[in-house]
4 protein chains.
Amino acid sequence: MSESQAAVREICDAIIKRVDRAYVAECGRKNEFPQKLWDMWVDTGLLSMGLPEEFGGAGGSLKDIVLALDLLHREALLLPIAVTNFMSREPIMHYATQAQKERYLPPTATGEEFFSFGITEPDSGTNTFKIKTTAIRQPDGTFLLNGGKTYQTAFLESSHCLLVARTSPLDSEDRTHGISVFIVDTTLPGISATPMSIGMYLPEQQYQTYFDNVVLPADSLVGEEGKGLSILFSSLNSERLLVAAMNVGQADYVLKRAAEYAKVRAPFGVPIGSYQSIAHPMARAKTYVEAARLMMYQACDKHDRGESVGLDVNMVKILSSEAFKMAAEIAMTTFGGAGVDVSQDILPFYIAAQNNTVAPVNNQIVLSFIAEKALGLPKCY
Amino acid sequence: MSESQAAVREICDAIIKRVDRAYVAECGRKNEFPQKLWDMWVDTGLLSMGLPEEFGGAGGSLKDIVLALDLLHREALLLPIAVTNFMSREPIMHYATQAQKERYLPPTATGEEFFSFGITEPDSGTNTFKIKTTAIRQPDGTFLLNGGKTYQTAFLESSHCLLVARTSPLDSEDRTHGISVFIVDTTLPGISATPMSIGMYLPEQQYQTYFDNVVLPADSLVGEEGKGLSILFSSLNSERLLVAAMNVGQADYVLKRAAEYAKVRAPFGVPIGSYQSIAHPMARAKTYVEAARLMMYQACDKHDRGESVGLDVNMVKILSSEAFKMAAEIAMTTFGGAGVDVSQDILPFYIAAQNNTVAPVNNQIVLSFIAEKALGLPKCY
Amino acid sequence: MSESQAAVREICDAIIKRVDRAYVAECGRKNEFPQKLWDMWVDTGLLSMGLPEEFGGAGGSLKDIVLALDLLHREALLLPIAVTNFMSREPIMHYATQAQKERYLPPTATGEEFFSFGITEPDSGTNTFKIKTTAIRQPDGTFLLNGGKTYQTAFLESSHCLLVARTSPLDSEDRTHGISVFIVDTTLPGISATPMSIGMYLPEQQYQTYFDNVVLPADSLVGEEGKGLSILFSSLNSERLLVAAMNVGQADYVLKRAAEYAKVRAPFGVPIGSYQSIAHPMARAKTYVEAARLMMYQACDKHDRGESVGLDVNMVKILSSEAFKMAAEIAMTTFGGAGVDVSQDILPFYIAAQNNTVAPVNNQIVLSFIAEKALGLPKCY
Amino acid sequence: MSESQAAVREICDAIIKRVDRAYVAECGRKNEFPQKLWDMWVDTGLLSMGLPEEFGGAGGSLKDIVLALDLLHREALLLPIAVTNFMSREPIMHYATQAQKERYLPPTATGEEFFSFGITEPDSGTNTFKIKTTAIRQPDGTFLLNGGKTYQTAFLESSHCLLVARTSPLDSEDRTHGISVFIVDTTLPGISATPMSIGMYLPEQQYQTYFDNVVLPADSLVGEEGKGLSILFSSLNSERLLVAAMNVGQADYVLKRAAEYAKVRAPFGVPIGSYQSIAHPMARAKTYVEAARLMMYQACDKHDRGESVGLDVNMVKILSSEAFKMAAEIAMTTFGGAGVDVSQDILPFYIAAQNNTVAPVNNQIVLSFIAEKALGLPKCY
């Protein structure tokens, strides 16, 4: 274990001592911001991890962040907007101008400001090529933004949104062209948002957003105009690994809960954990969780060494989401009828696990990718 | 199709024309009683089905009731308390005195009164032998009720509850002895109830109930004192089939919804329904739904002819719950990220399907039963 | 149970009493024709079932034949060529001339002659449109046959082969045209065949056949020239059901064997049948076997009443093959390391079960068909 | 990659260039010893890997041997007796006297002699406590051996057998006592063996052996009398990893074969590899193979560093056997009807994959172990 990993462990231990799952679960049920958990991320410096010191960050590798998420999720201390924040910061760190970096990055380290992320649209799904939100450059250099996004986590609560929009029509010669990335002040005139009803017991609200002739200043653009897709793709690998950390962490949490329950629940005299129909699926799930975790950390190491990890992280997406689903499913079965009692706090993970097989990208697309890259099979969608 | 089945179809068609899923789903999300749907059950006489004419009923076989539930659930017009009502009526019809029947049955046909059902306790789970709620006979012939139940659907809304309690301690010589069945007025002094938070988007509230020195009149007892278990077991087969009808009906509903979505959703230009990873699981699920349905109706026929159906209905429990789960799972996958959007009305079925693999009895117990009865294997729990 | 079904049962009971599995298994291991079993089919008249009396047959419905196969396969008394014989007889009964019927049908009832079936080619797989074997009509009315077939069960042992060949090139306007069906004397000059090594422990040899300028008499043609596909499709539904009978029968056989073993095998003191990881999969398999069987007989009834059964029989194909596979897999697991000991006679069923998910048609095609017909999804291959 | 691993790769490359799968497959079909492959193992020094130089070995870590097996099995160059040889050598290296080592080890490096392994008995299965073969010490110090073993790979071909026998009756106080390990000259009077019919297309014969008053010299005993179980357990971890290497290697082989086939097979115009029902299961299998492989090598590293790997290697057993099974199953499905054609050389792997889920230890026991050790669940068998 490296020094920085030891530091991460220490920080997470401190957080786990001071914030418990009961609090986070309650926030989730009430759709309330988990201020105490957020404060701990700020106070311990976790929020500033991955950000260079010159922008107020604490530095640290992707593996450190992944480790932090893994550890906190093993106690089910979920904080999705922290992940959103990480994800939005990546393109800014790599593609923004020095002025943009100096303006936008430091407040994300202190928690004074944070970013939401705007990419998904109702009709585009996993196919970013098909987004319809447009940001058309005006003669004065500004961009006129029209359209809308869906599933925008904490949009109204965030100060800014990293938004993906089309700056020129789909070019059939070069499909990768025409999409751009913007930093959007969420309070600009013409922006509106309605909360969605998401059945996941998460603290943060998700929004449907609408952009009606929103004028974006010229310096809103991140990176080169029309090159937004490569900007986005550059952070996909990190995203896969952050999501994987949440999967394996939560998988361990539900397995721990299920094992505890199976050791004491004994309607027929012996603990149900001594029935193979309960014990074996748990053991299988645990096995697959560990395999996913192992490949996840190996991919982090490769990523942090600058090696290519496209195939690795996609395999990790499959492994971690399937392991989480296995774990959540046997947990529900173990709890029996009590599984749907929200106060038992198992149901949220069952729903999250299924959702993580299709989000942020569906496993079908991922398997198609693996089939092509690892086995040389033809495109299958 | 028999004449009575034709009548059932006509009634269901009428209900489907006048109450739509949107209304029932909204009631589910708000935890509000679906008055319009209940009124249709009353008005069309569906509520009185299965009850002999002398008690204000419309007669009809178990198959008729199963058919009605199947048809209504194909449109996701759920009304769980109607099922509770059926289930509670069974023991009264077969074991109550003529006076009890005359007092309690007719109002359940008109909807003026209805029964909730009280059997499950936190520690007993599927093992009814272990219930701790006691109803001790007093010198004056009354019973003193103490204890509590869990997962009592619509307890406070119901006029009466059919309650299972222990009237004498567990007798290790004859474990089947000592449990009795009572009709309990839910407004009696000493009764209290707190609503539970059940994450199933069902209209009815479920309750944790508490009985503190509740005095039950002598004529509350249904059937012979201490013989409650055989009274209960006599209606288990019907229960399995009613639940199966809800499973296959809802399975068809989610498959229909998923197929509609898969025909129009086309992020990459072709409908996702043309991808085998979407189409094949749907086709498999449909195949298993039809197999479950077929065995369900065959078991109804056998039941209505008075034949033994213990093995059949337990197989139907497995088939119908697994088919529903298959269907709900591929539906969630088909809807992708939109699956957890409550307004899409797919998530409730995903949760219900999992729950129906463990409730009202868990599939593990059912498989153990089948292993013994159909294959001669030793007891395995 | 109808009278004819009672008769079928009696016949099968008689066969089961006189031929045991040990004999048939031994023939399978040695690739030797099971003469004793064949003789019983002849002697009891089973072989003549389904054939009208005017051609020496015993009559009887498809359900009768399916019942016979189901019953005999429950004892693993396999006789694949009997099925081939049935399958080949169908088109002759429905499409051949009276002269052809009188010449070819009677000897198939007595067993003096029997038919093999020639359709599959190496490159065509499940797509019959793509067969390359040609039968070109000559000026003198004869047909010149060239090409070859694969997986031809008992070709050299059979007197005749019902062969599918292209009589005119693929017509892109009408793809259903150009294929014809012939009765081919297997001893004609220009015919050769080499045995294949099929790892299924079946008594019959399978052959790769080669046709080199074989001259077929003009009266070899069955039905109209170029209309062979509709001739073939007309017997597909029967084929699905005959194969299903073999699946559910064999599934029951392996489950019986596995249950017997699980009751006595006790390496840790208790029979392994008391472990849920053994008992539950067996119980599930048994449940699915019964569901498949139920739909199979229902489809037979519908078929024999002249109703449309296209969707039913395809669902039965899925159900029966998956149930057989489930059964064979848990049987192998139950036998543990002894599973691969050929003398234990479990391995042949494990291989057959997998094979029956892809033959005579693969389940992927069948699921695609169900997705289209039952759910209205677009074509997905 | 370490230097020794580079050397292993070079050796394996050399073998792969000179011996092809066709040869090994043919030996498997004919049950003939693959002399050419054995010679390569001898000539390249692979056979002497893991053996200290003082006994004629080439040294090398467990990871080196695992790597060699992985690489060779990716080309399906199976040589089970090499594994038997490794396994038998382990206890001798760690527990035998210097004299025994000097006598028995060197010839196993040159291939002049090799060991078979005798532990499994018909009734004992995975429970070694229950073996019945006895070796009773005689007054003259010799042991009188009686009993028999099953599934003894290449017993008659081997010069010696490492045999496990009971030297004193089961002691209920100390169940671990009473079992001893012997080096048995396979040509001793009183030994007989009959070949078994194993349906796995392996080159080596397996035997049922019988020991009838065989007199074993006093110096046949390896290690302390009665302490055989701990001797055996000490090499279990290595065994798990050697078997895992064979699993992941073969899994890659069948996936490669299936992918090649799926790229060219095109009954409906497009390669079947473009169907998601073919491509996705292959991609999933590949993903799980890589996860298993990763944990396998990690466990090797830990083992070679002297760390505890009991949990790791058992997880690797589950992962590698399930991944192999997934791979073999989709390979069979991809090959369709051709899967059972032995000449296609896919069937042997389908059978091996199933067998490796129950041998050399069944996955049920392994899952029970993981449930206890990783999740703290009670014993469940």
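The model is predicted: local features need pLDDT of at least 70, side-chain atom pairs count only at pLDDT 80 or more, and totals for chains, interfaces and linings use all residues. Residues are numbered from 1 along each chain as its sequence is written, chains are lettered from A and ligands numbered from 1 in the order in which they are written, and side-chain values use heavy atoms, with hydrogens and water left out.

**Interfaces**

The table uses buried area, the accessible area (1.4 Å probe) that two parts lose on being put together, summed over both. A salt bridge places a side-chain nitrogen of Lys or Arg within 4 Å of a carboxyl oxygen of Asp or Glu.

| Interface | Buried area | Carbon and sulfur share | Salt bridges |
|---|---|---|---|
| Chain D and chain A | about 3,400 Å² | 75% | two |
| Chain B and chain D | about 320 Å² | 44% | zero |

Contact means heavy atoms within 4.5 Å. Between chain D and chain A, 38 residues from each chain take part. In chain D, Tyr288(D), Leu294(D) and Leu375(D) lose the most area to chain A, together 17% of what that side buries. Glu322(D) and Arg284(A) form a salt bridge through their side chains, at 2.6 Å from N to O. Helices here are DSSP runs (H or I, at least four residues) and strands likewise (E, at least two), numbered from the N terminus.

Between chain B and chain D, four residues of chain B touch four residues of chain D. In chain B, Tyr275(B), Gln276(B) and Ser277(B) lose the most area to chain D, together 91% of what that side buries.

**Strands of chain D**

Two strands pair if DSSP finds at least two bridges between them. Strand S2 (residues 134-137) and strand S3 (residues 143-153) of chain D are antiparallel and share four bridges. They form a hairpin with five residues between them, and Gly141(D) in the turn has a positive phi of about 95 degrees. S3(D) is also joined by eight bridges to the antiparallel strand S7 (residues 206-216) of chain D. Leu144(D) is the bridge partner of Ile136(D), and in S7(D) the partner of Leu144(D) is Val215(D).

**A buried histidine in chain B**

His160(B) belongs to strand S4 (residues 160-166) of chain B. Its relative accessibility is 6%, so His160(B) counts as buried (under 20% relative accessible area, with exposed over 50% and partly exposed in between; 1.4 Å probe, protein chains only). Leaving aside neighbours within four places in sequence, His160(B) is in contact with residues including Arg103(B), Phe114(B) and Asp185(B).
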